[in-house]
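Subject: Handover of a structure and notes on its features

Dear colleague,

Please find below the structure that I am handing over to you. My notes follow it, and I would be grateful if you read them with the structure open.

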2 protein chains.
Amino acid sequence: MTLDHFAQNAKSSWWNEAGPDADIVRSSRIRLARNFRDFRFPTIYNKEEANKVMELVKEKLGKQNTDAVGNLDIFELEKLESLERQVLVEKHLISPNLAEDSLYGACLLSENEDISIMVNEEEHIRIQCMVSGLQLTEALDLANKYDDWVEQQIDYAYDEERGYLTSCPTNVGTGLRASVMMHLPGLVLTRQINQIIPAINQLGLVVRGIYGEGSSAVGNIFQISNQITLGKSERDIVEDLTSVVQQIIAQERSAREALVKTSHIQLEDRVYRSLGVLLNARIIESKEAATCISDVSLGIDLGYIKNIEKSVMNELMILTQPGFLQKYAGGPLQPYERDVRRASLIRERLDLAQIENS
Amino acid sequence: MTLDHFAQNAKSSWWNEAGPDADIVRSSRIRLARNFRDFRFPTIYNKEEANKVMELVKEKLGKQNTDAVGNLDIFELEKLESLERQVLVEKHLISPNLAEDSLYGACLLSENEDISIMVNEEEHIRIQCMVSGLQLTEALDLANKYDDWVEQQIDYAYDEERGYLTSCPTNVGTGLRASVMMHLPGLVLTRQINQIIPAINQLGLVVRGIYGEGSSAVGNIFQISNQITLGKSERDIVEDLTSVVQQIIAQERSAREALVKTSHIQLEDRVYRSLGVLLNARIIESKEAATCISDVSLGIDLGYIKNIEKSVMNELMILTQPGFLQKYAGGPLQPYERDVRRASLIRERLDLAQIENS
């Protein structure tokens, strides 16, 4: 399998297409938590009930009923190899929880992977929609379309007063989690991020690393999401988050402008040294790779680097993760072997990118 | 002035041609300390006497008398700009002492710069011959030819019992200082250098950094020279040094082989990361540049890097020094400006090298 072919198959629409402000907002994501009326919730149900939920999903959301929304493929996690599950996590299509701990877990995926419906995670289902750039409203519209379609097939657990009922109290009400992934190297380099994160938290939003709760920011990528799901309409949640994100975008842009003005050569030095590492290293750990990819992405945004597409950097951020590396290698690798494989995959991909652009 | 032209003019024969074992021994140098019979020595003479020594040299060793040895250009240090003096030091054609502290100092240079005669340094004259690779005997023969020629024009201070008389007691006797510059990255990486330096010292030899006494080893380049000038014939001094150098060459070669065997990828990683820095950095300090040049030189020796000539690395080792950089820039530079200029000169030179070889 060639890298090109592998990468093509690995692509989700959101890291390929360029949505609004995609230089700073990598992706917008909506997740709707939903439970079915006639079943106990995942926190307390038993294996048998979990199996029934999955069987119901397979029956009601199977190919015979997808005319309204387009084809969805169903993947039962038990039937996937450990590496395949890891790849789905690395593509942000399923949560680490679903991959590791679920009973009869499954996911339904649309062809371009903008829609993923997780089954038997902490709620019976979570409908996820992920798109490029800052497009939360568009993502919400798309998620709602799938939500309406599911509701036509299966009754939800819904309370007139409290809204959608959920296992996790932080999901109750709208069941809506809206989030964006932002690349904020300017705010990190100018250290403004240290003031901005507490300010964002005070607005009732949460800032996390790239893989959700508990993870730290790798490659200057931050996930910002709503905390509150109750007492606000879905539109208001999305509009409030969008408005904060727009402010952060403006701050990131002025941080970049200030850096270019005051530290142009230092910035160019940093960007090109990182490109030099990616083009030349024979051994590279994931953290160094993420830092270099972040620097080069910034360099592309600033126009320092012209012969590499930004999408290649998004791709590398995904492809250089352990699951992908091992899938590409065709089997499990020791950490040191991964570092060697990661370095050669990066070099190969950049060679390809430079040939494409020469 | 183009870099290519500048570099051409900056080249001495020893870093251009490849002598025996030139992958490890960059150059062999012979220096003969001589004083004139009818003058007090530099440690005690006054300005007037120094002037007389220079006038005598200009008269007796001037163009009208060079038929036997070929053309020599004379440069009086007082007439040179500070940057030009520094460049002569960086090319190892004169000593830092001559550049900074001499009264009526001068140097006579052959066209390909293999011969340099320093005037009014710590001795009245020092005849220096520098050639590529391990060729101490050849260098001695050439130095002797110039020595004989000078002696035909001016009487030396010579004592039947003690030999050539000198200001500095460590020069007395043969007045001979033989030295080699060795690139020993293998012994440094395997840390064997820590045992080898004391062993060399015990043999009555001295190990120093690249710019002689008091300087530390930059870019893994070590100067090894004889300590004793008295009680041994010139041939014996040169043969003894040559034999030690041959042993060090053998040790360096086996260190490199061992590294390739046990740490092939780590070594390749190091070499290519350094190449990446040289090709991409926008700001680089001299020490980092020297380390990277050393790594890339090793990579060329080991066959990892094929499209860059080793001589380009020798050239960069010289061209990236402060004097050269400022001469190329056309005037004095602040340290930070030098780091920027150094980075761009390295990139330019490597681009040129890759075009030459593509």
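Does B:Tyr104 count as buried or exposed, and at what relative accessibility? At 18% relative accessibility, B:Tyr104 counts as buried, because the cut-off for burial is under 20%. Please bear in mind throughout that this is a predicted model.

Backbone at two residues

B:Tyr104 sits in the loop that joins helix 4 (96-101) to strand 3 (106-110) of chain B. Its phi is positive, about 50°, although B:Tyr104 is not a glycine. A:Glu113 lies in the loop between strand 3 and strand 4 of chain A, and with 12% relative accessibility it counts as buried.

The sheet of chain A

Chain A contains an open sheet of eight strands in the order 2-3-4-5-1-8-10-9, with antiparallel pairing. At its edges are strand 2 (72-76) and strand 9 (205-208) of chain A, each of which pairs on one side only. From one strand to the next, the twist averages 20°. Within this sheet, strand 1 (residues 25-34) and strand 5 (residues 125-132) of chain A pair in the antiparallel sense over eight bridges. One of the residues involved is A:Arg31, whose bridge partner in strand 5 of chain A is A:Gln128.

Helices of chain A

Helix 2 (residues 47-60) of chain A lies across strand 2, strand 3 (106-110), strand 4 (115-119) and strand 5 of chain A. Helix 2 runs at about 160° to strand 2 of chain A. Helix 7 (residues 193-202) of chain A lies across strand 9 and strand 10 (221-226) of chain A, and its angle to strand 9 is about 140°.

In helix 11 (residues 322-329) of chain A, the buried residues include A:Gly323, A:Phe324, A:Leu325, A:Gln326 and A:Tyr328. Just after helix 11 of chain A comes A:Gly330, which takes a positive phi of about 90°.

Cysteines

How many disulfides are there over all chains? The count comes to zero. For A:Cys129, the closest cysteine sulfur is that of A:Cys107; the two sulfurs are 15 Å apart, which is too far for a bond because a disulfide requires them to be within 2.5 Å. A:Cys129 is buried, with a relative accessible area of 0%. B:Cys168 is also buried, with a relative accessible area of 19%.

How the two chains are arranged

Chain A is superposed on chain B by a rotation of 180° with 0.1 Å of shift along its axis, at an RMSD of 0.0 Å. This is the relation of a two-fold axis. In chain A, the C-alpha nearest the axis belongs to A:Gly276, 2.1 Å from it. The same surface serves both copies, since 100% of the contact residues of chain A recur in chain B.

The contact takes 17 residues from chain A and 17 residues from chain B. Between them, the two chains bury about 1,500 Å², with 55% of that area on carbon and sulfur atoms. On the side of chain A, the residues that lose the most area to chain B are A:Arg273, A:Asn280 and A:Arg282, together 38% of what that side buries.

With kind regards

Key: Residues are numbered from 1 along each chain as its sequence is written. Chains are lettered from A and ligands numbered from 1 in the order in which they are written. This is a predicted model: local features need pLDDT of at least 70, side-chain atom pairs count only at pLDDT 80 or more; totals for chains, interfaces and linings use all residues. Side-chain values use heavy atoms; hydrogens and water are left out. Buried means under 20% relative accessible area, exposed over 50%, partly exposed in between (1.4 Å probe, protein chains only). Two strands pair if DSSP finds at least two bridges between them. Helices (H or I, at least four residues) and strands (E, at least two) are DSSP runs, numbered from the N terminus. Axes are lines fitted to C-alpha atoms, for helices over the stretch in contact, and angles run from 0 to 180 degrees between N-to-C directions. Contact means heavy atoms within 4.5 Å. Copies are superposed by least squares on the C-alpha atoms of residues with pLDDT of at least 70 in both. Buried area is the accessible area (1.4 Å probe) that two parts lose on being put together, summed over both.
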